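Subject: Structure handover

Hello,

Here is the structure I said I would pass on. Please open it next to this email and look at each place as you read.

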Amino acid sequence: MTSFRFRGVRSNFAVCVLAASAWIAPSAAADVWTVVPNGSGDFVQIQAAIDAAADGDVILVSPGTYAGFAIEEKSVWVLASGASVT
């Protein structure tokens, strides 16, 4: 199930979602998950998104402060979006 939720999320984040979706389109059935600290995305923490993701999924992280995370035994994309991307 691909999940896209953009309520209250800046338009550049939406553009990043669309670009990432087009970029990974050749891969079988990759899902795109959003991490937004205010709760308007699929997850509020990066680790929760990683835990739910399958191989090949994309996790788009909006600007904010997050706890650390680890990726073990799966292959996912974690992409940052927004003006404060570093």
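Below is what was found, going from the whole chain to single residues.

Overall layout

Please keep in mind that this is a predicted model. The chain contains 2 helices and 3 strands. Followed along the sequence, these elements come in the pattern α-β-α-β-β. The chain has 86 residues, and 38% of them count as buried.

The sheet

How are the strands arranged? They form an open sheet of 3 strands in the order β1-β2-β3, and the pairing is parallel. The edges of this sheet are β1 (32-35) and β3, each of which pairs on one side only. From one strand to the next, the twist averages 20°. As background, the strands of a sheet pair through backbone hydrogen bonds, in either a parallel or an antiparallel way.

The pairing of β1 with β2 is parallel and runs over 4 bridges. You can follow it residue by residue. V32 stands opposite V58 of β2, W33 stands opposite I59 of β2, and V35 has V61 of β2 as its bridge partner.

Next, look at the side chains of these two strands. In general, side chains in a regular strand alternate between the two faces of the sheet. In β1, V32 and T34 point one way while W33 and V35 point the other way, and all are buried. In β2, V58 and L60 point one way while I59 and V61 point the other way, and again all are buried.

Is A80 buried or partly exposed? Its relative accessibility is 48%, so A80 counts as partly exposed. The C-alpha atoms of A80 and V61 are 4.8 Å apart in space, although 19 residues separate A80 and V61 in sequence.

The loop between β1 and α2

G41 sits in the loop between β1 and α2. Its relative accessible area is 7%, so G41 is buried. G41 and L60 are 19 residues apart along the chain, and their C-alpha atoms are separated by 9.5 Å.

D42 is found in the loop between β1 and α2 (46-52) as well. Why does D42 count as buried? D42 has a relative accessibility of 17%, and buried means under 20%. What does the side chain of D42 reach? It reaches the backbone nitrogen of T34, at 2.9 Å. The C-alpha atoms of D42 and I59 are separated by 9.8 Å, with the two residues 17 apart along the chain.

The loop between β2 and β3

The loop between β2 (58-61) and β3 (77-80) holds F69. F69 has a relative accessible area of 41%, so it is partly exposed.

With a relative accessibility of 85%, E73 counts as exposed. Its backbone deserves a look too. Most residues other than glycine have a negative phi. E73 is not a glycine, yet its phi is positive, at about 60°.

Where to start

If you want an order for looking, begin with the parallel pairing of β1 and β2. Then go to D42 and its contact with the backbone nitrogen of T34.

Regards

Terms used:
Residues numbered from 1 in each chain as written. Predicted model: local features only at pLDDT ≥ 70, side-chain atom pairs only at ≥ 80, totals over all residues. Heavy atoms only, no water. Buried < 20%, exposed > 50% of the residue type's maximum accessible area, 1.4 Å probe, protein only. Pairing = 2+ DSSP bridges. Axes fitted to C-alpha atoms, helices over the stretch in contact; angles between N-to-C directions. Polar contact = N/O pair within 3.5 Å; in protein donor to acceptor, adjacent residues only side chain to side chain.
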